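Work through the two exercises below with the sequence and the model open. Each task is followed by a stepwise solution.

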Amino acid sequence: MKALRIIIPARTAVAFIAAAMLASSALAQSRGNARLNGKVVDEQGQPVADVIVKAQMNGQTEILSGKTDKKGEFRINGLANGEWKVELTKPDLATAVEMVEVRADSAPALNVTLKKGAPNVDPTAEINAELKRAAEIATSGKIPEARKIYEDLLVKYPSVYQIQGFIARTYAAETPPNIPKALEHLKLNMEKEPASVELKLFHAELLMESGDKAASKVILDGIDLTQVKDPYTYINHSINLINDKKGLEAAELLTKLLAQFPTANELYYYRGRAYVSAEKLDEARADLEKFVSLAPTAKEAADAKKIIDQIKK
């Protein structure tokens, strides 16, 4: 039989990017293995009990909380790696806000002195509510309206640099995508969060969308796959490899993705396509048949069955 070489269209990014604006504040992103310990004292150095301690990861909506005991000590479990804002409040004492960076599942001890005075006004609730509203508007297709909300927030709170990343996603979600503007705003966010895996993946996706597959590959090759929470960008990268007749390289990547995302059934479909490109037809049929058995109603199932029939001839 003839070698099967069928171009695979890259998965559309618009819905993914719009959904990502909402998913960027998903609870799971805040959860990790680190523990934050600390102690709160007053201006005389005496421990302060019943202080409410709230920790919120930058760019996330979930708040982890704790309370000081009679020794003024507190502990909060389950923090992910990243930058956290920690707010400490008690009636009749001034609110304290500290920034803590969690690295390698470890957080530094936080010792805080609370002074007398009225609590400070915290804009977090307003910012989170507006981010959520903008994300919901974006997922309904009203991209310019969502961007206006983000831009107004940035004017009011210019220090909240993560908003630049949300603005970037609105430009990427336009039809057609405005890649230069998206990259412009994304880079402003990345300057503050150069280690963010989520931002690196978005950067790679934008470069792919612009046609710069080489630069995108450099970024993706430098990311630890165990830190990736969604295989979307890597699937698009594998599609590019398949279409560039690099089937074995694509199959190797997809095998790694399956180890990281064993329930992502579509990975079997794309690895099957990669094996077809590499003319390893027995492996291709095995993957495609497994995909059909696992996801018989998936949109790719009909195509998988067609290729299986071609292989058998």
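**Exercise 1.** State which hand the crossing of α6 and α8 has, then describe the packing.

Step 1. The crossing is left-handed, meaning that the near helix is turned anticlockwise from the far one by less than a right angle. The model is predicted: local features need pLDDT of at least 70 and side-chain atom pairs 80 or more, while totals for chains, interfaces and linings use all residues. Residues are numbered from 1 along each chain as its sequence is written, and side-chain values use heavy atoms, without hydrogens and water.

Step 2. The axes of α6 (residues 197–210) and α8 (residues 232–243) come within 9 Å and cross at roughly 30°. Axes are lines fitted to C-alpha atoms, for helices over the stretch in contact, with angles from 0 to 180 degrees between N-to-C directions. Helices are DSSP runs (H or I, at least four residues), as are strands (E, at least two), numbered from the N terminus.

Step 3. Contact (heavy atoms within 4.5 Å) links Leu201, Ala204, Glu205 and Met208 of α6 with α8 residues including Tyr232 and His237.

**Exercise 2.** Give the strand order of the open sheet and identify its edges.

Step 1. The 3 strands are ordered β4-β1-β7, with mixed pairing. Strands pair if DSSP finds at least two bridges between them.

Step 2. β4 (73–79) and β7 (110–113) are the edges; each has a single partner strand, so one side of each lacks a neighbour in the sheet.

Step 3. β1 (residues 31–41) and β4 run antiparallel, joined by 7 bridges. Arginine 31 has leucine 79 in β4 as its bridge partner.
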